[in-house]
Structure formats: C-alpha cells, structure tokens
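Thanks for asking me to look through this one.

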Amino acid sequence: FGSRVSANGLLAWPGVPFVCCVVTKMAVMELGYWKIRGLGAPLRMVLEYKEVQYKDTQYAEFPDWFKGGKPAIEQKNPFANLPYLVDGDTVVCQTNAVFAYLAEKLDMAGKDLQTKTLHQTILCESYDVRDAMVQIIYPFKKVCRTPEEFEEQSKAQLENPPFAKFEACLTKSGGDWFVLPDGPSPADFHVWE
C-alpha cells in the first residue's frame, strides 16, 4: 500500500473522509513443548508451513517446566500444559486445542461445519493412534517387556485400524490431503508425524 499507510497503520486515500481498513501485523507466537519431537513436531511443522514467526520454547528438564514455565502459563490459563501456544493475550493449552486454534487462525480448518468436523475427527483419531503407539514403544509403560512382545504388539497395531481408517478417509476424499482439497490442514501434519 506504500505511502497510503499512515503512521497509525490506517489506510487513507486523499479526498476519502473515512478509514477504509486497518493494517495489522501478526504478533510473534510462542510454542512451548518438551525438548523432543513428540507432540511439538507437527505443531512446529504447521507454523513453518504457514511461515508464521514464532518463538520455539523447549523445556529440557522437568524443573524448567514445572518450576519455570508452567507457573507463568498458569497465570494466563489454568489448564497450563505442554504443548501450549501464546498468541498475544490468548494462551491455548492441550494438543488438540492448539491444533484447532492454529487451524482457525491460519485458515486451515475448512469453510463449512462438515469440513471443520472432519478436521477435529482426524485430530482426535491421530491422538488415539499416538497414544496406542506410546503404549507399545516407550519402555516405561512396561507393555512390551521383550523384543517378541514388541514385534507382536506392533504388528497388531499396524495391521488393524486406525491406519485403515486413514487410508479409507483419503480414498473417500479422492485427494492427497485428509481435510482440505488444496493443501494440508493441521490434522494432516499430525497424521504424518
């Protein structure tokens, strides 16, 4: 808009006695998560894909979060948890809430209720898949105590739904993406990760 933007960020044209619109700049967001890929990786992917400026706050040790970051986030949102997203005065906590917020904020959730509902469904299903895999993979869960148990449980998880559900969803949509016809939604990043 060049010289038509005034010092206060308002667009103005000579001879036009009213303000046409306001030019705003998106504030730098902050994404907080543990210093691992985990649930933070697909959220970072969404932000990178949309070229959003953000601060990537990663907590390496429990005290860093529980004695440092969490009390500050709790002052703004009583549901303080990792991951969290700070966007100006808005603080969003919990994985799927952050995905949903970014989907709406970055215009990646779809335009109609049916598409938005599909986005939410895939986010929830992805989270269920992740939890099922965590049960098998992480040794602290003590689900798989031997390499044979790991092989058996992994095979059962990979050969049965929910992966078949994701394939059926792609077949039904007839596209390359789960939700939107022309590009990824946050749910696509969550499934991919």
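1. A word on terms before anything else: helices (H or I, at least four residues) and strands (E, at least two) are DSSP runs, numbered from the N terminus. On that basis the chain has seven helices and four strands. Read from the N terminus, its elements follow the order β-α-β-α-β-β-α-α-α-α-α.

2. Please keep in mind that this is a predicted model, in which local features need pLDDT of at least 70 and side-chain atom pairs count only at pLDDT 80 or more, while totals for chains, interfaces and linings use all residues. Residues are numbered from 1 along each chain as its sequence is written, and side-chain values use heavy atoms, with hydrogens and water left out.

3. Now the sheet. Its four strands make an open arrangement in the order E2-E1-E3-E4, with mixed pairing; two strands pair if DSSP finds at least two bridges between them. Strand E2 (54-59) and strand E4 (90-93) are at the edges with a single partner strand each, so one side of each has no neighbour in the sheet. On average, neighbouring strands are turned by 15 degrees against each other, direction ignored. Axes here are lines fitted to C-alpha atoms, for helices over the stretch in contact, and angles run from 0 to 180 degrees between N-to-C directions.

4. Which strand does E1 (residues 29-34) meet through three bridges? The partner is E3 (residues 84-87), and the two run antiparallel. Leu31 stands opposite Leu85 in E3. Helix H1 (residues 40-49) packs on the sheet and touches E1 and E2, its direction making about 160 degrees with that of E1. Contact means heavy atoms within 4.5 Å.

5. On burial, 38% of the 193 residues in the chain are buried (under 20% relative accessible area; exposed is over 50%, partly exposed in between; 1.4 Å probe, protein chains only). The largest nonpolar core has 27 residues, and Met29, Leu47, Leu102 and Ile122 have the most contacts inside it. Such a core is a set of buried Ala, Val, Leu, Ile, Met, Phe, Trp, Tyr and Cys residues joined through side-chain atoms within 4.5 Å. Elements giving two or more residues to this core include E1, H1, helix H3 (95-105) and helix H4 (113-137). H1 gives the most, with five residues.

6. Ile122 deserves a look. Leaving aside neighbours within four places in sequence, Ile122 is in contact with Phe166, Cys169, Phe178, Val179, Ala187 and Val191. A second, separate core of twelve residues includes Tyr59, Leu82, Tyr84 and Val86.

7. Finally, the rings. There are eight aromatic pairs; rings of Phe, Tyr and Trp (its six-membered ring) pair if their centres lie within 6.5 Å, with planes under 30 degrees apart counted as stacked, over 60 as edge-to-face and the rest as tilted. Trp34 and Phe66 form a tilted pair, 6.2 Å centre to centre with 50 degrees between the planes. Because Trp34 lies in strand E1 and Phe66 in helix H2 (residues 62-76), the pair ties together parts 32 residues apart in sequence. Phe66 is partly exposed, at 42% relative accessibility. Ring pairs also link Trp34, Phe62 and Phe66 into a cluster.

8. Tyr59 and Tyr84 form another tilted pair, at 6.4 Å centre to centre and 55 degrees between the planes. Tyr59 belongs to strand E2 and Tyr84 to strand E3, 25 residues apart. Tyr59 is buried at 10% relative accessibility, and Tyr84 is buried at 1%.
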